[in-house]
Amino acid sequence: MIGVTDAAPRPAPADPAPPPAWWRRIDGSKLATTVPIYAAIALIWIFFQSQTAGRFIGARNLSEMAQEYSYKPLLAIGVVFVLLLGEIDLSVGYLTLLCATTVAVLSAFAHQPAPIAIAGGIFVCTVLGLAQGFLISALRMPAFVVTLGGFLIFEGLAYHILSGATINVPDPAIAAIGTSYLPTLLSLAFAILAIAGMAFLGLLGRRQRTAAGLQNAPITGFAARTGAIGALLLIVVTLLDSYRGVPLSLAVLLAFGLVTWYVAAKTPFGRHVYAVGGNVEAARRAGINTVGVRWVVFGITGFFAGVAGVMLVGYAQAASTTAAGPDLLLDVISIAVIGGVSLTGGRGNVWSVLLGGLLIASLDSGLNLMSVDSNYVYVIKGVILLLAILLDVLGKRRGAGAARV
Amino acid sequence: MIVTSPMFRRCVAAAATLGIAATPLALNAADNPTVGFLMADYTTSARWQFDRDFFIAELKKLDPGVNVVVDDAKTDQTRQQTQAASLLTSGAKVLLDVPVDSTQAAAIVRAAHDNSPAVPVIAYDRLINNSDVDAYVTFDPVAVGRQQAQYIVDHLKTGTLISIAGAETDNNAIEFHRGAMEVLEPLVKSGRYKLPYDHYTPNWDSNAAQAETASELNNLGNKIDGILVANDGMAGGVVAALRAQHLDGKVLVTGQDATVAGLQNVLTGEQSMTVYKPIRKLAEAAARMTDAYLKGQKPKTDTTMKNGKIDVPTVLLPVVTVTKANIKSTVVADGFVTKEQLCNGIPASACSGL
């Protein structure tokens, strides 16, 4: 009954009290993407911790979780670049399998030393990624179709090489990638170095802003954030050290995460990726080599598929047809989307993707530890993915509304 | 002669539909009968090449003039149906079918029986459900599980077991599991064994098997004495999880299929046993059945299997437990794997007995 409001106008609501200054400085859109992930991870951890007699947040389980699942977020940060362009790469699952197969063949059949087997696998995948990128960027074929073709071709090649069988990879140097640990002192040193680096870079950025005449956020917020992340890092490292140390695969993931975060956020190339993904025409008119950017991005994804394949072989000490495929592709895209990467391009960051990876890995690991039937794992992952997309859609709608004002 | 060109068969089929009977295949049909072998997935598993070669060799011995056409459905049941139709059109006398989809394959049986004259269909390795399929030849799936469990019973007095079964969508996985539980369940009830974990694994996924084993080792404080694993692929994942706890070789691990990777783990002592299915025996039994049909007789079968519609006359072939002790006299002697394949990449000491 719309007319009623006209007949009996309600008193105008009192102006809400202006929010305090600290509240206004918080970036609402950033909160909308990261807070739900932190909250979901916290809830999941509390739930599993209570259901597994405290074994879930045990050093052993966290350590195994890192070894079992690090390759997924690693592949996801490779896929983030493609998603930032507003494109998709359907081939990454089988490309990872093809790399794993290449490494296995080079190591077990051709008896090549580990560095050559590893480099060979990564090289093959990078070249195949670049080849797909060429078709997509230079020949302007749709990425969906090109990578669907890649999906089928890589599946066929990997299955042909494996012939339905498993190849054992006994080389201890390759197994070490998936199963060894950093020495405890070294990991502690790395953690302290990382915290110092973070503080240094932050302070440097602030000085540059001041020099450029820009305003800085108050130093207290920066110090609190650095302190919190640093404390968390030290707790995790100490916890993992109480078992066998920080798993090498986790260190590899974090190292690649750091490098890609830097490339995406701090380099001209990274800004070009965001620009092309946001509006390709605007980017082209701004003088960005859009063809080159798109080409390189698919090469990067291929490279990451290669590294993920190496980690997979290291963990399983074998390559088999069930090791990677469509399930991996779906997990990786879920990780990216849960991490707040927009499938329409231009929005997302590496750090949130690592959180998305942590969330998916926590689910897999916790449900395993609870001995839950694997069929339910799919359902639960699906529900969480839908929730993540819902947040994405809501966030965008609010953003669009704000832009119109 | 193996006619493998699909183009050629399509031409033959097209010609036959048009009523042009004077194709070479149709002409020879009377004295040189054609037998069609429909494979489900020829490329992703190395074993089917053995099935093909052993089958053709044995059938040629029994019927020297026979003409065997082998088709690969590449995991597409609809493609297999088309291939069956082509074979029927070109005058095949007997069809052998490894169905991709055990239920949808009933359409092939119907088409073969509606053909004039009706063509008998032998289900090879996998049963065709809800159909009047004429015969079935397979390894005894229940015996596979029984032998895996029996190995544990023979080598472990008492202790904690976990079970990592195959994909629940695969009827064979359910049969393997049934056979194993026939042996183990009474002993779990009597308290000889504890079985705190018993789950199916989607897609027979070796990574999942590895993660599950790691979690259960954690849950049970590494106190696991035997792991009933349905096949070698998953056993590889289980062994990798045991290695991480330095328990490899100290826990009984079963397997199946006698794959190269599985046999290597048996040789290094990390996997205790695998179940070998002598494919030559399966292929030869199928060839004898085919020969009977070609001669207008009913093949000899030893039992029947229910497929949801009828009791299918069935030949069940025994399976063989392979351990380090008999690798040489079984899989290597049969030419199923070579010594070179097995010794490639494992320590020479593990290989010395071969």
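The questions and answers below go through a predicted model, from the contact between its chains to some local features.

Student: How many residues of chain A are in contact with chain B, and what area is buried between the two chains?
Tutor: On the side of chain A, 36 residues are in contact with 35 residues of chain B. Carbon and sulfur atoms give 38% of the area buried between chain A and chain B, and that area is about 2,800 Å².

Student: Which residues of chain A lose the most area to chain B?
Tutor: Three residues of chain A stand out here, and together they account for 19% of what that side buries. They are Arg60(A), Asn168(A) and Thr322(A).

Student: Which helix gives the largest share of the side of chain A that touches chain B?
Tutor: The elements that give two or more residues to this side are helix 4 (59-69), helix 6 (92-109), helix 15 (290-316), helix 17 (350-369) and helix 18 (374-404) of chain A. By kind, the residues of the side divide into 15 nonpolar, 14 polar and seven charged. The largest share is five residues, and these come from helix 4 of chain A.

Student: How many salt bridges and how many residue pairs in polar contact are counted between chain A and chain B?
Tutor: Over all chains the count comes to 19 salt bridges, but between chain A and chain B the count is zero. For polar contact between chain A and chain B, with both residues at pLDDT 80 or more, the count is 17 residue pairs.

Student: Which residue forms a salt bridge with Arg294(A), and how many residues apart in sequence are the parts that the pair ties together?
Tutor: The closest N and O atoms of Arg294(A) and Glu87(A) are 3.0 Å apart, and the two residues form a salt bridge. Arg294(A) lies in helix 15 of chain A, whereas Glu87(A) lies in the loop between helix 5 (71-84) and helix 6 of chain A, so the parts tied together by this pair are 207 residues apart in sequence.

Student: At what angle do helix 6 and helix 7 of chain B pack?
Tutor: Residues including Val144(B) and Ala149(B) in helix 6 of chain B meet residues including Phe176(B) and Leu187(B) in helix 7 of chain B, and the residues of this contact divide into 10 nonpolar, four polar and four charged. The crossing is right-handed. With the axes of helix 6 (residues 141-155) and helix 7 (residues 171-189) 6 Å apart, the packing angle is about 35 degrees.

Student: Is the peptide bond from Ser116(B) to Pro117(B) cis or trans?
Tutor: Pro117(B) is found in the loop between helix 5 (106-114) and strand 4 (121-124) of chain B. Most peptide bonds are trans. The bond from Ser116(B) to Pro117(B), however, has omega near 0 degrees and is cis.

Notes:
Residues are numbered from 1 along each chain as its sequence is written. Chains are lettered from A and ligands numbered from 1 in the order in which they are written. This is a predicted model: local features need pLDDT of at least 70, side-chain atom pairs count only at pLDDT 80 or more; totals for chains, interfaces and linings use all residues. Side-chain values use heavy atoms; hydrogens and water are left out. Axes are lines fitted to C-alpha atoms, for helices over the stretch in contact, and angles run from 0 to 180 degrees between N-to-C directions. Helices (H or I, at least four residues) and strands (E, at least two) are DSSP runs, numbered from the N terminus. A crossing is left-handed if the near helix is turned anticlockwise from the far one by less than a right angle, and right-handed if clockwise. Contact means heavy atoms within 4.5 Å. Ala, Val, Leu, Ile, Met, Phe, Trp, Tyr, Cys and Pro count as nonpolar, Asp, Glu, Lys and Arg as charged, and the others, Gly among them, as polar. Buried area is the accessible area (1.4 Å probe) that two parts lose on being put together, summed over both. A salt bridge is a side-chain nitrogen of Lys or Arg within 4 Å of a carboxyl oxygen of Asp or Glu. A polar contact is a pair of N or O atoms within 3.5 Å; within protein, one must be able to donate a hydrogen and the other to accept it, and residues adjacent in sequence count only if both atoms are side-chain atoms.
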